Every structure is written in C-alpha cells, then in structure tokens.
Amino acid sequence: LICRVTDTKKVFSFAWTDADSKSVTAATDSQPNEKDVQESKIKVTSTKDTTYKCVVNDPNGKQNTEATITLNVFEITNPTEVMAIVGAAVSLTCGVTGNTGTPTYKWYKVGRDDPVYTDPGNGATSTYNIAKAQFSDDGAYKCTVAMKVGEFTNDGYDSGMAEVVVKQLTAS
C-alpha cells in the first residue's frame with residue numbers, strides 16, 4: 001500500500017496503523033523528489049479483510065491529512081480436469097470466494113495469448129462452455145479474474161490450470 005503527498009517541498013512524516021490501531025512499520029519512506037512527491041509504502045500479506053490508516057504529519061508534527069484504506073481479500077477457486085467426448089458439451093468453471101466486489105472472468109487456452117472466453121464484464125458467469133468438443137479443444141486452460149471494488153480494478157489474477165481431455169467414443 002502506498003501513502004503519497006504531492007506538490008510539496010517540505011519533509012513529511014508518515015505513521016501507519018492497522019484495524020486494531022497497532023503500528024505498522026513502513027517498508028520505505030522517501031524524501032521529496034524532483035517532482036515534489038513524497039511517499040511511504042507498506043507491504044501487506046493478509047488472509048482476511050482489514051483496514052489500514054496512514055497519517056501524514058508536517059515538519060512541525062501537526063497532522064496534515066490521513067487516509068483509510070480497506071483491503072478486501074479474495075481467493076480464486078481453481079477449475080478441475082474435465083473429460084469430454086467428441087461432439088459433446090463440456091464446461092470449465094472457476095470462481096471467487098471472499099469479499100469480492102465485481103469480478104470479470106477470462107478463460108485462456110495455454111499457449112494462446114487471446115482469451116477463448118470473456119464474460120460480459122458484470123461477473124455474470126465464470127463458466128467457459130464448449131458446445132461440441134473437438135480434438136482441437138484438448139489441452140490446458142486457465143481462468144483469469146480481475147476484481148472491481150468501488151472505483152479500483154486490479155490487473156487480474158490467474159487460477160490454477162485445468163485440463164480438458166477430449167476422447168473419441170468407440171463402440172466395443
């Protein structure tokens with residue numbers, strides 16, 4: 001997380017606290033740079049939703065401003081391997097658990113740069129459907145989830161891989 005002061009030539013001090021008002025040590029604090037920006041960064045590894053507060057004090061120790069940042073944690077449910085018969089329908093599903101906001105899902109076949117499926121952008125579905133599986137559908141797939149919480153959207157996180165194994169049904 002980053003707390004930043006802009007348009008200043010003064011040296012400010014930063015103080016971070018977590019939801020329990022415990023002090024959090026900054027990973028880095030900077031001096032004003034050539035663009036008159038000063039910032040403080042903390043590294044967060046949390047498994048639960050939590051809130052952090054950054055208080056910025058001017059050189060005289062007077063509180064200049066404060067910002068509260070809420071961290072929402074989510075986890076991607078990995079897809080599982082699917083067996084399919086040529087010509088039959090097959091579906092791959094991934095999902096999100098936790099305080100999620102609005103997810104956007106994309107499915108990729110490993111080895112391709114372009115997605116094979118993108119949901120409409122409203123978290124409508126995390127399922128990639130293949131109407132009639134062909135041998136060309138055989139392979140590994142992954143789901144990417146981008147999460148929008150308020151006005152913030154992350155870059156997207158990858159699920160684990162899922163194999164689609166397509167077989168020809170033969171009479172015995």
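Let me start with a term: buried means under 20% relative accessible area, exposed means over 50%, and partly exposed lies in between, using a 1.4 Å probe and protein chains only. By that scale Lys53 is partly exposed, at 31% relative accessibility.

Hi everyone, a quick word on what we are looking at. This is a predicted model, where local features need pLDDT of at least 70, side-chain atom pairs count only at pLDDT 80 or more, and totals for chains, interfaces and linings use all residues. Residues are numbered from 1 along each chain as its sequence is written, and side-chain values use heavy atoms, with hydrogens and water left out.

Now to the salt bridges. The rule asks for a side-chain nitrogen of Lys or Arg within 4 Å of a carboxyl oxygen of Asp or Glu, and it gives a count of 4.

One of them pairs Glu39 with Arg4, at 2.8 Å from N to O. That pair links distant parts of the chain, 35 residues apart: Glu39 sits in strand E5 (residues 37-41) and Arg4 in strand E1 (residues 2-6). Strands here are DSSP runs of at least two residues, numbered from the N terminus.

Is Glu39 buried or exposed? Glu39 counts as buried, because its relative accessibility is 17%. Glu39 also meets Lys41 in a salt bridge of 3.6 Å, N to O, and Lys41 is partly exposed at 33%.

Back to Lys53, whose side chain forms a salt bridge with Glu66 at 3.6 Å, N to O. Here strand E7 (residues 63-71) holds Glu66 and strand E6 (residues 50-57) holds Lys53, with the two residues 13 apart. Glu66 is partly exposed too, at 39%.

Finally, shared partners join Arg4, Glu39 and Lys41 into one salt-bridge network. Thanks, everyone!

Key
Helices (H or I, at least four residues) and strands (E, at least two) are DSSP runs, numbered from the N terminus.
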